[in-house]
Amino acid sequence: MTITAPIRPDYAALEAAPVSDDPFPHAVVPHFIRPDDLQALVASLPELASGGSFPPSALAVSPLVRGVMEEMEGPVLRGIIARKFGLDLHDAPTMLTLRGRTREKDGRIHCDSVAKRVTVLLYLNPASASWARQEGCVRLLRGPDDIEDFAAEVPPVDGTLLIFPNGPTTWHGHRQYVGRRYTIQLNYMETGAKARSELRRHRLSALAKRLSRAA
């Protein structure tokens, strides 16, 4: 299926999605990218041969992908998230990256950087047997020591959106998975020195990846 018009995510589904507090506040929105739109979006994703996070400036992305990224960083999503979680995000800088492959070392239990106020994950993978076996499905954990001690599990498929404000106990991770696994990650950042340092590192990473691809 070919789609040339910009993709508009299902903001109504996000508005209606409940916030769960177990094990920490989060919201999950299945099909935030609708099925027909997802098929076209997946087909237009850039091929990423290596792991790690890539800023859009380091990639040649299609207009369809760029449009979704612009929606992710736009005011509609920001406003809904702020209202849903009772946050003031009006001046929060954003940081957006694309991941396309998961490595053996990825998915270890962690909390996100304190410079990141909110983490937003958009999963752009068709359903498959791997996800049904719970490989690579992100788990929201009750503690830092056991990947099996989870309160919620989110398969990274079908345009699902996962949102959670960060904190000292927002432990998450996934069982080992190696292979193609596309995720757009958006973070609303703090405005202090740690956030500025992370944003600066992000820009330097983008430059390094552009130079590497040109070499």
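The largest nonpolar core has 41 residues, and Met72, Leu77 and Leu161 have the most contacts inside it. Such a core is a set of buried Ala, Val, Leu, Ile, Met, Phe, Trp, Tyr and Cys residues joined through side-chain atoms within 4.5 Å; buried means under 20% relative accessible area (1.4 Å probe, protein chains only). Another core, of 9 residues, lies apart from it and includes Leu121, Val138, Ala152 and Phe164.

This is a predicted model: local features need pLDDT of at least 70, side-chain atom pairs count only at pLDDT 80 or more, and totals for chains, interfaces and linings use all residues. Residues are numbered from 1 along each chain as its sequence is written, and side-chain values use heavy atoms, without hydrogens and water.

Which residues does Leu77 touch, leaving aside its neighbours within four places in sequence? Its contacts (heavy atoms within 4.5 Å) are Tyr11, Leu14, Phe32, Glu71, Met72, Leu161, Leu186 and Tyr188.

Now to strand S5 (residues 138–141), where Val138 and Leu140 are buried on one side and Arg139 and Leu141 on the other. Helices (H or I, at least four residues) and strands (E, at least two) are DSSP runs, numbered from the N terminus.

| Partner of S5 | Sense | Bridges | Facing residues |
|---|---|---|---|
| S6 (residues 150–154) | antiparallel | 4 bridges | Val138 and Val154 |

Finally, helix H2 (residues 35–43) buries Asp37, Leu38, Ala40, Leu41 and Val42. Their cover includes helix H3 (63–72) and strand S9 (179–189).

Technical notes: Buried means under 20% relative accessible area, exposed over 50%, partly exposed in between (1.4 Å probe, protein chains only). Two strands pair if DSSP finds at least two bridges between them.
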